[in-house]
Structure formats: C-alpha cells, structure tokens
Amino acid sequence: MSDQSVLVVEDTDEIRELVTTVLRRAGFDVREASSGAACLAEVRRDAPDLIVLDLGLPDADGTEVCRQIRAETQCYVLMLTARAEEVDLLIGLAVGADGYMAKPFSPRELVARVQAMLRFPRQVPAVPSATPAEESVRRLAELEVDEESREVRVDGSVVDLTRTEFDLLAALASRPGRVLQRETLLREVWQTDWEGNLRLVEAHMSNLRRKLQAAGLSSPEIRTVRGVGYRLVA
Ligand code: CA
C-alpha cells in the first residue's frame, strides 16, 4: 500500500463509498468523513496528504472548510462541486483549493487527478545532513527556491506557500526570464489540461504574488505577459 493518505469528505454515502473504493484500489491509504466538523477533526488528528472535499456539506460550507484546512495544513485539496458552473465562481473566491471536479465525474479521472497532485510525496523530515544539497537550490536576486526541501526563502526567511504555489514558482524559477504560457503551467503544475481552466492558474498565481510581496520580495518579480502567461524577471 502507498504511504500517501487521502481523506474523502462527502456526506452522500454512495459518492463517498465510490470515491473511497477507487482510491483504495489505486493504492492510497484512505480515510472518510461525512461532515465539515469530522473533516477538521481528522485533519487535526493526523493531516492527510490530500483531501477530496465536497462543497455541499450538511454542517458547513465547503469553501469555509477549505479555508480552515488551508490555515492549518499544506495538504492538497481537490474540491467536488455539484455543477460545472460552480467551478468558475469558486476559483473567483480564491478559497485555496488546488483543483476542482464537477459531479458527475468519472472515477478514473478522479484517480488520475489525485495521482497527478500527489506525484510529490509529502515532505518527510530527512536525517539532518551537514552539507545541504546545493544543486537543489536556485538563487535569483533575493529569492531562493529549494526544490529538495520545497522551501522558498526571501532574503533568507521562509515564505509559507501551498504546494501548488510552490510548484508554480519552481516552474518559473527553473527558466528565469522566459515566458511560460498559462497552458504550460497548467500542464506542468497540475499535470493535465483538464477543463482547460486557465483561471485556476491565474488565481493561484495571484495568491503567490501576494505572499511574495508580503514577504518583502522586490526582485525578481513575476510579470504577466498579457494573454500569454508569466515570467520571472530579476
Ligand atoms: Ca454533499
């Protein structure tokens, strides 16, 4: 069995059981919750690597549960929505989910999405070594992107980013100065071009920028190339 854990939060028994079954079959360690309160209790007890979160829960709004999760853990959140039209609205609200799937969804697609998101295992604290792996650190002016520890530092201070924000920044930092198209980022960071939803890239990019600015980063800067994509300019 995989050591990657997924928490499935859904109040409709048939859907929760279906999602749990297909994810277990794919080798994940799956736990279940049927309410927002049970989800948060599970997260506090032992945070999973990824949460499949239903938007319509009996006791709480899924967007609020997502914000709470975000405040407490870095795990991935894949949100399930009742209708495709809700996705745009949710992205606009910037609740911090890493991905969205509208019901009805194909179980195979759900498994593929979870696998794509979890291609980076959760960071396990390594045995401290005297010599940090220098090759894994990219330095660009005030910014350091450490691919090994998945840490970003501005002038030496760690910036608290979600996994998706880290992946976006690492993609830009790997090719400084070059324009990366939104489609390229969608493929590289989400490993799919599902729904062609470029607004998801924009929403996460704006959160990333806000955090880097708040951390005092002035150079390099993420520039928008209108209608095309983004580039990192020192
Ligand atoms: Ca529901």
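Predicted model: local features only at pLDDT ≥ 70, side-chain atom pairs only at ≥ 80, totals over all residues.
Strand E7 (residues 143-146) and strand E8 (residues 151-154) run antiparallel and are joined by four bridges.

E7 and E8 belong to an open sheet of four strands, arranged in the order E6-E7-E8-E9 with antiparallel pairing. Strand E6 (137-140) and strand E9 (157-159) stand at the edges with a single partner strand each, so one side of each has no neighbour in the sheet. From one strand to the next, the twist averages 25 degrees. Helix H6 (residues 163-173) packs on this sheet, where it touches E6, E7 and E8. The direction of H6 makes about 110 degrees with that of E7.

Let us turn to the calcium ion. Which protein atoms are its donors? They come from Asp11 (OD), Asp54 (OD) and Gly56 (O), and they lie 2.1 to 2.4 Å from the ion. Along the chain, these donors follow the spacing D-x42-D-x1-G. Aspartate 11 sits in the loop between strand E1 (5-9) and helix H1 (13-25), while glycine 56 sits in the loop between strand E3 (50-54) and helix H3 (62-72), so the pair ties together parts that are 45 residues apart in sequence.

| Residue | Relative accessible area | Class |
|---|---|---|
| Aspartate 11 | 29% | partly exposed |
| Glycine 56 | 46% | partly exposed |
| Glutamate 188 | 31% | partly exposed |
| Serine 5 | 7% | buried |

Why does serine 5 count as buried? Its relative accessibility is 7%, and buried means under 20%. Serine 5 lies in strand E1. Leaving aside residues up to four places away in sequence, serine 5 touches Asp29, Arg31, Ala47, Pro48, Asp49 and Leu50.

Glutamate 188 is found in helix H7 (residues 182-190). Not counting residues up to four places away in sequence, glutamate 188 touches Arg119, Ala171 and Arg175. Take alanine 171 as an example: 17 residues separate it from glutamate 188 in sequence, and the C-alpha to C-alpha distance is 7.7 Å.

The largest cavity holds about 50 Å³ of space. Which residues line the largest cavity? The lining is made up of Tyr76, Ala116, Met117, Arg119, Thr164, Asp167, Val189 and Trp190. Helix H5 (107-117), H6 and H7 are the elements that give two or more residues to this lining.

An α-helix has 3.6 residues a turn, so residues three or four places apart point the same way.

Conventions
Residues numbered from 1 in each chain as written. Heavy atoms only, no water. Pairing = 2+ DSSP bridges. Axes fitted to C-alpha atoms, helices over the stretch in contact; angles between N-to-C directions. Contact = heavy atoms within 4.5 Å. Donors = N, O, S within 2.8 Å, 3.2 Å for Na, K, Ca; no water. Buried < 20%, exposed > 50% of the residue type's maximum accessible area, 1.4 Å probe, protein only. 1 Å grid on protein atoms, 1.4 Å probe; cavity = no way out; pocket = protein on both sides within 12 Å on 5 of 7 lines; lining within 4 Å. Points joined across faces, edges and corners; volume = space filled by probe spheres on them.
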